[in-house]
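Please consult the sequence and the structure shown here while reading.

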Amino acid sequence: MRPESVTLQEADNDVLMPSGRIKIHIRCRKCGEVFILRGIRDGRGHVETGFRRCLCDNDREFDIETLG
Ligand SMILES: [Zn+2]
């Protein structure tokens with residue numbers, strides 16, 4: 001099963017094509033911490049970032065928004 005929106009996976013920026021780079025806004029639903037990261041869109045609405053988990057050890061409950 002693949003998530004529909006954004007997956008939180010390690011992205012190897014040196015291997016992937018540089019064309020689809022976007023900013024990702026991630027907010028932790030547990031502690032409210034906000035992260036702004038660079039992600040790579042693969043053309044099918046799938047976005048990869050290097051983000052894994054929040055400082056509070058939450059790794060699945062986030063509000064994730066792409067900033068273009
Ligand atoms: Zn958190």
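## Pairing of S3 with S4

Strands here are DSSP runs (E, at least two residues) and helices are DSSP runs (H or I, at least four residues), both numbered from the N terminus. In the hairpin formed by S3 and S4, five residues lie between the strands, and Gly-43 adopts a positive phi near 95°.

This is a predicted model, in which local features need pLDDT of at least 70 and side-chain atom pairs count only at pLDDT 80 or more, whereas totals for chains, interfaces and linings use all residues. Residues are numbered from 1 along each chain as its sequence is written.

## Pairings of S2

Strand S2 (residues 21–28) pairs with strand S3 (residues 34–41) in the antiparallel sense, over seven bridges. Within this pairing, Ile-26 has Phe-35 of S3 as its bridge partner, and Arg-27 stands opposite Val-34 of S3. S2 and S3 also form a hairpin with five residues between them, where Gly-32 in the turn has a positive phi of about 85°.

S2 is joined to S5 as well, by five bridges, and these strands run antiparallel. Here the bridge partner of Ile-24 is Thr-66 in S5.

## The loop residue Asp-57

Asp-57 is located in the loop between strand S4 (47–48) and strand S5 (62–66). The phi of Asp-57 is near 80°, a positive value in a residue other than glycine.

Asp-57 counts as exposed because it has 8 C-beta neighbours inside 10 Å. The C-alpha atoms of Asp-57 and Cys-31 are 9.8 Å apart, while the two residues are 26 positions apart in sequence.

## Overall composition

The protein chain contains zero helices and five strands, and its elements run β-β-β-β-β from the N terminus on. Of its 68 residues, 16% count as buried.

Among contacts (C-beta atoms, placed from the backbone, within 7 Å), those with a separation of 6 or more were considered: residues 24 or more positions apart account for 56% of them.

Definitions and conventions:
Buried ≥ 20, exposed ≤ 12 C-beta atoms within 10 Å, placed from the backbone. Contact = placed C-beta atoms within 7 Å. Pairing = 2+ DSSP bridges.
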